[in-house]
Amino acid sequence: MLRVTVNGVEVEVRAWAEEPAGGPVAALADTELRARCLPALVRWRGRSFRCVALWPEPLPPAGPPDPAPADLAGAVLAQLVHGWRCRVCGGRVAALVAEAGLPFADTNRRRHRWATNCPHCGAHVGRARLHALVLLPDPLGS
Ligand SMILES: [Zn+2]
């Protein structure tokens, strides 16, 4: 586990093995994203919520079952949101949306490649109205 505090935002990054089944980001454990994100617990101003820490590149392997990051360099915090609908094809997508409103690592967003196309029809995110770090076919159904 990695725990850092930046500008009053406490972030606890955990191994996938520690993420409860059915947790808000558990669906990502079975995707190719697993290599570059880990579940995180954020505490800020008396509230706490689960999200993921997402790095721009895969984390160096540090041994099973999960990579162990040395720090959060380059990482952004993101929420997994279900049920977004492509405005072009109507397909449902799950989106990793950069956590806004936290005074944490805002400049790291520039280091990430953002999603460019709908995972169903390939429409550009501008036409599809799907602006997010990552877009996936929605694991909760379409
Ligand atoms: Zn689409």
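Start by selecting V42: its bridge partner is F49, in β4. A quick word on what you're looking at: this is a predicted model, where local features need pLDDT of at least 70, side-chain atom pairs count only at pLDDT 80 or more, and totals for chains, interfaces and linings use all residues. Residues are numbered from 1 along each chain as its sequence is written.

Now widen the selection to β3 (residues 37-44) and β4 (residues 47-54), which run antiparallel and are joined by 8 bridges. Strands here are DSSP runs of E, at least two residues, numbered from the N terminus, and two of them count as paired if DSSP finds at least two bridges between them.

Next, click on the turn. The hairpin of β3 and β4 has 2 residues between the strands, and R45 takes a positive phi near 50° there.

Move on to L54, whose bridge partner in β5 is V76. Select β5 (residues 76-85) along with β4, and you'll find antiparallel pairing over 3 bridges.

From β5, carry on to β6 (residues 92-98): these two also run antiparallel, joined by 6 bridges. Pick out R85 here, as it stands opposite R92 in β6.

Time to zoom out. The open sheet has 7 strands in the order β1-β2-β3-β4-β5-β6-β7, with antiparallel pairing. Select β1 (2-6) and β7 (134-137) to see the edges: each has a single partner strand, so one side of each is left without a neighbour in the sheet. Finally, look across the strands: the twist averages 35° from one strand to the next, with axes being lines fitted to C-alpha atoms and angles running from 0 to 180 degrees between N-to-C directions.

Terms used. Helix = DSSP H or I, 4+ residues; strand = E, 2+ residues; numbered from the N terminus.
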